[in-house]
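Trainee: I have a protein model open and would like to learn how to read it. Could you walk me through it?

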Amino acid sequence: MTSTHDTSAVRPPAAVRLVERLVEGRPTWDRLADRLDPTARAARGEGAWRRLVTGEVLGHAAHPFLTDLPIGFFTSAAVLDLAGGTSARAAARRLVGAGLATAPAAALTGLAEYAALDRRPRRVGAAHALLNGASVGLYAASWVVRPRNHRLGVGLGMTGLAVSGLSAYLGGHLAIGEKVGTTTG
């Protein structure tokens with residue numbers, strides 16, 4: 001039995017349409033995208049460096065798996081904050097610190113990816129970078145204030161995790177939905 005449904009007419013999910021409307025389809029993102037370009041080109045570099053930061057030496061982009069480190073550390077800190085009690089506070093702060101320590105590698109490889117993007121995906125990449133910067137800033141503030149005001153530190157961390165989740169969605173949209181990757185560019 002064959003299907004009579006025309007799959008070419010299927011509308012993308014609402015979240016994808018929202019990204020298309022708010023980011024990909026908005027030339028207002030081009031200004032930020034263009035401002036990131038010199039830094040991204042420098043991060044991408046040449047020769048062996050380029051092959052390393054783009055993941056060419058691995059056979060696929062390095063950025064996606066390097067993002068697992070800060071996201072994993074930040075998420076683990078959130079679990080301890082929510083379920084670990086007062087005895088887990090120091091460990092949660094160390095996990096936030098580990099996330100902050102690993103975020104630069106994820107950012108560097110993300111910038112190397114960004115340098116190869118076309119206009120519409122660059123808009124998404126710029127929004128992704130902006131959200132990641134905000135998330136790291138929230139986590140840095142969380143790490144600083146935790147010893148004096150644990151509750152505020154946890155609140156900043158949870159906000160950072162929410163912002164990181166939005167950014168991760170955009171990163172997934174680029175990698176999976178748009179099939180963006182440096183091994184082809």
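**A histidine and its neighbours**

Mentor: Contact here means heavy atoms within 4.5 Å. Before going on, note that this is a predicted model, where local features need pLDDT of at least 70 and side-chain atom pairs count only at pLDDT 80 or more, while totals for chains, interfaces and linings use all residues. Residues are numbered from 1 along each chain as its sequence is written, and side-chain values use heavy atoms, with hydrogens and water left out.

Trainee: Is H63 buried or exposed?

Mentor: The general idea is a scale: buried means under 20% relative accessible area, exposed over 50%, and partly exposed in between (1.4 Å probe, protein chains only). H63 has 15% relative accessibility, so it counts as buried.

Trainee: What does the side chain of H63 reach?

Mentor: Look for a polar contact, which is a pair of N or O atoms within 3.5 Å; within protein, one must be able to donate a hydrogen and the other to accept it, and residues adjacent in sequence count only if both atoms are side-chain atoms. Here the side chain of H63 reaches the backbone oxygen of A106 at 2.7 Å.

Trainee: Which helix holds H63?

Mentor: Helices (H or I, at least four residues) and strands (E, at least two) are DSSP runs, numbered from the N terminus. H63 belongs to helix 4, residues 63-83. In total the protein has seven helices and zero strands.

Trainee: At what angle do helix 4 and helix 7 pack?

Mentor: Axes are lines fitted to C-alpha atoms, for helices over the stretch in contact, and angles run from 0 to 180 degrees between N-to-C directions. For helix 4 and helix 7 the angle is about 135°, with the axes 10 Å apart. Angles under 35 degrees count as roughly parallel, over 145 as roughly antiparallel, 65 to 115 as roughly perpendicular and the rest as oblique. Helix 4 is therefore oblique to helix 7. Among the residues making this contact are I71 and F74 of helix 4, and V154 and M158 of helix 7.

Trainee: How do helix 6 and helix 7 cross?

Mentor: The axes of helix 6 (residues 119-145) and helix 7 (residues 150-177) come within 8 Å and cross at roughly 165°. That angle is why the two helices are roughly antiparallel to each other. To classify their residues, count Ala, Val, Leu, Ile, Met, Phe, Trp, Tyr, Cys and Pro as nonpolar, Asp, Glu, Lys and Arg as charged, and the others, Gly among them, as polar. The contact of helix 6 with helix 7 then has 16 nonpolar, 14 polar and no charged residues.

Trainee: What does S142 touch?

Mentor: S142 lies in helix 6 and, not counting residues up to four places away in sequence, touches G153, L156 and G157. A polar atom of the S142 side chain lies 2.6 Å from the backbone oxygen of G153. The side chains of S142 and R146 are joined by a polar contact of 2.9 Å. With 0% relative accessibility, S142 counts as buried.
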